[in-house]
Each structure stands twice: as C-alpha cells, then as structure tokens.
Amino acid sequence: MKKTILTGIRPTGNLHLGHYFGACQNWLKLQNDYNFFLEIADVQALTDNFDNPEKVRKNVKELTIDILSTGINPKNVHLFIQSKIPEIAELTVFYSNLVTMARLYRNPTVKTEIAQKKAIFGNEGESVTYGFVGYPVSQAADITTFQGELIPVGEDQLPLIEQCREIVRKFNRIYGETLKEPEALLSPTPRIKGLDGNEKMGKSLGNAIYLADSEETITKKVMNAKTDTKKIKKDDPANPDVCMVYYYHKLVKNENIETVCKECKGGNRGCVQCKKELIQKLNEFLVPIREKRAYYLEHPEEVKRILDEGTIAAKEKAQETMKTVRNSMNINYEEL
Ligand code: TRP
C-alpha cells in the first residue's frame, strides 16, 4: 500500500523559482511513489484575503496551470480546490474545541505572521481575525481529512504540523483511536534567495523570477540582479559567493559552474557576459515549462477535467474519514 502524501499551497500569486526549487521539485520526485493529494488552499488564502476574493479566484486557475506546467502528472496526483471539499470545514469546527487560544497564540508561525501584520497595520489587536489565528486548526483538518501521513513543507510550516499532531493525539485520546498522526517531510532545498540578494524570494519583495516570465522579462530581471558590489570594472576579480548571478547559475545546474567560479575569481569574466549566459540557461530550463503552460492555457477544458477528477478522489477520501470521525464522536443519527 502506498503511503498518503498531502500538501497545500495558497493561491495568492504565480509560482516562482523559490516555489519550484523549494517545493515543486520535491513533489515531482515524490509523485510516482505515493498516493498524493495536492490542495489548492483557497479557503486558507481567504484568511489573509477575505476582502479580496477576486484575487484568490483568479489565482486558483493561474496556480493550477503553473503546477501542471512543472510536470506534475494528474494521473499520479489528486489536484483539488479546498473549498470543493466542505468536509474540511466540518472537521475544522470539531477540532476547534480541542485547541486553546493560548496554544494558537504561541504557535511560532502564527506569532511571526501576527508580528508582520502589526508592523504593517499598527498595533491594533483587532486587525487579527479569529479565522487567521485559527488557521493552524483548519490546516490540521486539511491534512487529516485525507489521512495524510507525510506532509512535504518548508521549515516555516513545521510548527503547524506539530500542532496538527497534538490535535490528532487529543482527538484519539478523547474519542478513541481514529486519526493518523502525520509527519513533516522537510524540503531538501533551503529557502531560495531573491534577485536582490534577499534571503527570501517573494512576490511582495519584487525579487522573484516567475515560471510564467517571458524571455524579455527574464533578460530585464537578470540584468538588474545583484552582483559583487566591489567589482567595478569588467576585469576586476570578484567574489562569486556574494553574487546572485552565480547563485542562480548553481541553481539551474550550469555544467560549467567551475569555470564560471574560476573566471569570476580571477577577473576573467565580465558580469554582462555572465548574466547573458545565465539568461540562456534560465530560458533553457523554462522551455519545457513554457510549453506545458501554453498547452494548458489553450486547453482550459482539460484543466477543468483534471480538477474535477482530483475533487472526486478527494471527496471520496474525505467522506470515508468523516464517517469514522462522526462515529467516534457519537455524531450518528441514522437511528435515534
Ligand atoms: N500553509 C501552507 C503555506 O502557506 C499551505 C497549506 C495549506 C498546507 N494547507 C496545507 C501545507 C496542508 C501543508 C499541508 O505554504
């Protein structure tokens, strides 16, 4: 029996190289060997964007096409939209009794995100909603509705998996052994840096290369990427370790990486030449992704069919889980 993998992604923007190397590449490796559920977490995206539902709506389609363009095979992966499975919301309500407010406020992921919000919106406790503070509970429901055993995530999500495990243990203790305790499957790639050298590539930081970027956009972005600021002239020796162009050469696995490094250190490599080579490498890397992207853009009916089939598989699993959950909780009124 294949183990079950579940992971989710919020539809708030297009996929960039940070997503690709941080998450998608790992999904591609795992997709043949597991029973894989991949959730487009539109309900979770609304915790941050409840006042901008059009944005979430638009990004569900964009993200689905981006995911498929990376080579995710819908024959292996059940791709579905969270809101199509209301069982998740039902389970969230049941779990909400098993979690204290204090525990939620102590969750490091929630804590960091509240601090970020306060930095933007000021020190108004009111700006933090019940749905936002409670999203770890809803994420625990995402995972357990599908009896997910392995959960591929980045490091920032580890506290959410831990909280999910606590909820599962408490549920099983109170209502009897019902749910599987999931395990995090930490991404082998650490966080991907931005074009500007920032530790994180992100939309709001304006330092991302998107899978959907055209050749022209790639050229413009790479030409502005951060290099060794101490290098002034073309033949100055430089330090590749502080250069984003070198960093991306490594990321796309340039086979001449040693030459790039040696020439850079020896002052035998101008930044313009080096950037041009990177642009070519990035475009080579993006060719198959662009081809698939164009295909799915031209075949929206196929994208719809993939989501419909993913939803059917997800629904089946969700109903099976909810049946055992309701039984364990004595919520069974088929007979009085
Ligand atoms: N919170 C995750 C993120 O921001 C997305 C997510 C939603 C998720 N549901 C999930 C991740 C379930 C793992 C499991 O990236």
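Tutor: Let us begin with rings: those of Phe, Tyr and Trp (its six-membered ring) pair if their centres lie within 6.5 Å, and planes under 30 degrees apart count as stacked, over 60 as edge-to-face and the rest as tilted. Tyr 20, Phe 21 and Phe 285 form one aromatic cluster. Bear in mind that this is a predicted model, where local features need pLDDT of at least 70, side-chain atom pairs count only at pLDDT 80 or more, and totals for chains, interfaces and linings use all residues. Residues are numbered from 1 along each chain as its sequence is written, and side-chain values use heavy atoms, with hydrogens and water left out.

Student: How many aromatic pairs does a search of the whole structure find?

Tutor: The search finds 11.

Student: Why is the pair of Tyr 20 and Phe 285 called edge-to-face?

Tutor: The ring centres of Tyr 20 and Phe 285 are 5.1 Å apart and their planes stand at 80°, so the pair is edge-to-face.

Student: What makes this pair a link between distant parts of the chain?

Tutor: Tyr 20 sits in helix H1 (residues 17-30) and Phe 285 in helix H13 (residues 271-298), 265 residues apart. Helices here are DSSP runs (H or I, at least four residues), as strands are (E, at least two), numbered from the N terminus.

Student: How do you know whether Tyr 20 is buried or exposed?

Tutor: Buried means under 20% relative accessible area, exposed over 50%, and partly exposed in between (1.4 Å probe, protein chains only). Tyr 20 has 9% relative accessibility, so Tyr 20 counts as buried. Phe 285, with a relative accessible area of 19%, is therefore buried too.

Student: What makes the pair of Phe 132 and Tyr 135 tilted?

Tutor: The rings of Phe 132 and Tyr 135 lie 5.9 Å centre to centre, with 50° between the planes, and that angle gives a tilted pair. Both Phe 132 and Tyr 135 are buried.

Student: Which residue lies over the face of Tyr 135, and which over the face of Phe 132?

Tutor: A charge sits over a ring if NZ of Lys or CZ of Arg is within 6 Å of the ring centre and within 35 degrees of the ring normal. Arg 10 lies over the face of Tyr 135, at 4.7 Å from the ring centre. For Phe 132 the residue is Lys 117, at 4.4 Å from the ring centre.
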